[in-house]
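Have the viewer open as you read.

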Amino acid sequence: MKRALAEANPGAHLPDLAGALNNLSVRLGAVGRPVAGLTAIQEAVTIRRTPAEANPDLFEPALQRSLDTTAWWEGLEP
């Protein structure tokens, strides 16, 4: 649902999609699906990077949360 909304109106819904992907990543980790979790968080970082560069005060905290989650995933890899 969020992906369809983001495709129809990216400016309004991409931040929500990125947040959902961030949360999904953590939940996938909880159920032992590391590849899917890492893929989800990488997509969230990609979505969040451009708005954070354009308006760091508003969007950088969300990007940082996704980067922190990425670091968590990378720390789990053997």
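## Helix packing

Helix 2 and helix 4 (residues 56-76) pack at an angle of about 20°, and their axes are 11 Å apart. That angle makes helix 2 roughly parallel to helix 4. This is a predicted model, in which local features need pLDDT of at least 70 and side-chain atom pairs count only at pLDDT 80 or more, while totals for chains, interfaces and linings use all residues. Residues are numbered from 1 along each chain as its sequence is written, and side-chain values use heavy atoms, with hydrogens and water left out.

Helices (H or I, at least four residues) are DSSP runs numbered from the N terminus. Axes are lines fitted to C-alpha atoms, for helices over the stretch in contact, and angles run from 0 to 180 degrees between N-to-C directions. Angles under 35 degrees count as roughly parallel, over 145 as roughly antiparallel, 65 to 115 as roughly perpendicular and the rest as oblique.

The other two pairings run the opposite way. Helix 2 and helix 3 pack at about 155°, with axes 8 Å apart, and that makes helix 2 roughly antiparallel to helix 3. The axes of helix 3 and helix 4 come within 8 Å and cross at roughly 160°, so helix 3 is roughly antiparallel to helix 4.

What is the handedness of the crossing of helix 2 and helix 4? That crossing is left-handed (the near helix is turned anticlockwise from the far one by less than a right angle; clockwise would be right-handed). The crossing of helix 2 and helix 3 is left-handed, and so is that of helix 3 and helix 4.

## Who meets whom

Contact here means heavy atoms within 4.5 Å. Between helix 2 and helix 4, P15, N22, S25, V26, L28 and G29 meet F59, R65, S66, T69, W72 and W73.

## The nonpolar core

Which residues make up the largest nonpolar core? It has 10 residues: A6, L17, A18, L21, L38, A40, I41, A44, I47 and W73. Such a core is a set of buried Ala, Val, Leu, Ile, Met, Phe, Trp, Tyr and Cys residues joined through side-chain atoms within 4.5 Å. Helix 2 (10-30) and helix 3 (34-54) each supply at least two residues of this core, and helix 3 gives the most, with five. In soluble globular proteins, nonpolar side chains tend to be buried together.

Buried means under 20% relative accessible area, exposed over 50% and partly exposed in between (1.4 Å probe, protein chains only).

| Residue | Relative accessible area | Class |
|---|---|---|
| S25 | 0% | buried |
| W73 | 4% | buried |
| L63 | 8% | buried |
| G29 | 27% | partly exposed |
| W72 | 39% | partly exposed |
| R65 | 48% | partly exposed |

Setting aside neighbours within four places in sequence, S25 is in contact with G37, A40, I41, T69 and W73. With the same exclusion, L63 is in contact with V45, R48, R49 and A52.

G29 lies in helix 2. G29 and W73 are 44 residues apart in sequence and 8.2 Å apart in space, C-alpha to C-alpha. Beyond its neighbours within four places in sequence, G29 is in contact with W72 and W73. In helix 4, R65 is 21 residues from A44 in sequence and 9.9 Å from it in space, C-alpha to C-alpha.

## One aromatic pair

The structure holds one aromatic pair. The rings of W72 and W73 have their centres 5.0 Å apart and their planes at 70°, so the pair is edge-to-face. Rings of Phe, Tyr and Trp (its six-membered ring) pair if their centres lie within 6.5 Å; planes under 30 degrees apart count as stacked, over 60 as edge-to-face and the rest as tilted.
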